[in-house]
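Please open the structure in your viewer and keep the sequence beside it. The stops below say what to select next and what is there.

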Amino acid sequence: MKADFAPTERQRWMQVLARAGDALAGYESELAGVPYQCIRKPETGMAMVRGRTGGTGQAFNLGEMTVTRCVVQLQDGRAGYSYIAGRNKRHAELAALADALLLGQEKAKLMQAVIEPLARSQQQARLARQAEVAASKVDFFTLLRGENE
């Protein structure tokens with residue numbers, strides 16, 4: 001059975017940050033200037049990716065993927081986390097910093113200045129990919145030619 005749930009606000013911004021890739025570096029000025037320390041420096045490892053037959057069936061191990069994680073702590077004690085696909089350590093560190101900042105008073109400003117623009121660009125890219133795939137869609141059908149009589 002597929003679990004239908006709306007992601008919490010933090011889950012949503014974590015998704016946006018994790019999918020941002022190199023685009024997050026363009027927002028570094030909004031994140032800079034805040035002293036922080038790395039509790040867990042960006043480190044790359046492997047994670048098992050699991051799948052389900054037909055999306056809802058028996059779970060199986062699909063394979064491994066590279067992930068990079070990071071944990072930062074601001075001077076006021078807030079901690080931010082990130083797990084991203086791939087090996088981009090700067091992306092992981094910026095995502096963790098953004099997560100920590102979004103937990104405080106900077107939230108409204110950062111949601112408007114960083115998260116919403118990233119989410120819009122990710123949505124536009126997703127729609128463009130869907131349109132490109134739809135343009136190459138082939139409909140297969142079978143004609144009954146009367147040869148089975």
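Is Lys107 buried, partly exposed or exposed? At 27% relative accessibility, Lys107 counts as partly exposed, where buried means under 20% relative accessible area, exposed means over 50%, and partly exposed is in between, all with a 1.4 Å probe and protein chains only.

Before you go further, note that this is a predicted model, in which local features need pLDDT of at least 70 and side-chain atom pairs count only at pLDDT 80 or more, while totals for chains, interfaces and linings use all residues. Residues are numbered from 1 along each chain as its sequence is written, and side-chain values use heavy atoms, with hydrogens and water left out.

**Stop one: the salt bridges**

Lys107 lies in helix α4 and Glu9 in helix α1 (residues 9–19), so the pair ties together parts that are 98 residues apart in sequence. The term salt bridge is used here for a side-chain nitrogen of Lys or Arg within 4 Å of a carboxyl oxygen of Asp or Glu, and helices (H or I, at least four residues) and strands (E, at least two) are DSSP runs numbered from the N terminus. Glu9 is partly exposed, at 43% relative accessibility.

Next select Glu116 and Arg12, which form another salt bridge, their closest N and O atoms being 3.3 Å apart. Glu116 belongs to helix α4 and Arg12 to helix α1, so this pair ties together parts that are 104 residues apart in sequence. Both partners count as partly exposed, Glu116 at 25% relative accessibility and Arg12 at 30%.

Now go to Asp76 and Arg78, a salt bridge whose closest N and O atoms are 2.8 Å apart. Asp76 is exposed, with a relative accessible area of 53%, whereas Arg78 counts as buried at 17%. Salt bridges that share partners also join Glu28, Arg90 and Glu93 into one network. How many salt bridges does the structure hold? There are nine.

Leaving aside residues up to four places away in sequence, Glu93 touches Tyr36, Cys38, Pro42, Cys70 and Val72, a contact being heavy atoms within 4.5 Å.

Then select Asp99, which also lies in helix α3 (residues 89–102) and counts as buried at 0% relative accessibility. With residues up to four places away in sequence again not counted, Asp99 touches Arg10, Trp13, Met14, Leu17, Ala79, Gly80 and Tyr81.

**Stop three: the two strands**

Select strand β1 (residues 36–52) together with strand β2 (residues 59–74), which pair in the antiparallel sense over 14 bridges; two strands pair if DSSP finds at least two bridges between them. To follow one of these links, pick Glu43, whose bridge partner in β2 is Arg69. The hairpin of β1 and β2 has six residues between the strands, and there Gly54 takes a positive phi near 65°.

**Stop four: along helix α4**

Select residues 107–135, which make up helix α4. This helix has 29 residues and reaches 40 Å from its first C-alpha to its last, close to the 42 Å expected at 1.5 Å a residue, the expected span being 1.5 Å times one less than the number of residues. A kink of about 35° lies at Ile115, shortly before the proline Pro117, where the bend is the angle between axes fitted to the seven residues ending at a residue and the seven starting there.

Ile115 touches Arg12, Trp13, Val16, Leu17, Leu102 and Leu110, not counting residues up to four places away in sequence. The buried residues of α4, among them Leu110, Val114, Ile115 and Leu118, pack against α1, α2 (28–31) and α3.

**Last stop: the nonpolar core**

A nonpolar core is a set of buried Ala, Val, Leu, Ile, Met, Phe, Trp, Tyr and Cys residues joined through side-chain atoms within 4.5 Å. The largest one has 26 residues, and those with the most contacts inside it include Leu17, Leu102 and Ile115. The elements that give two or more residues to this core are α1, β2, α3 and α4, and the largest share, nine residues, comes from α3.
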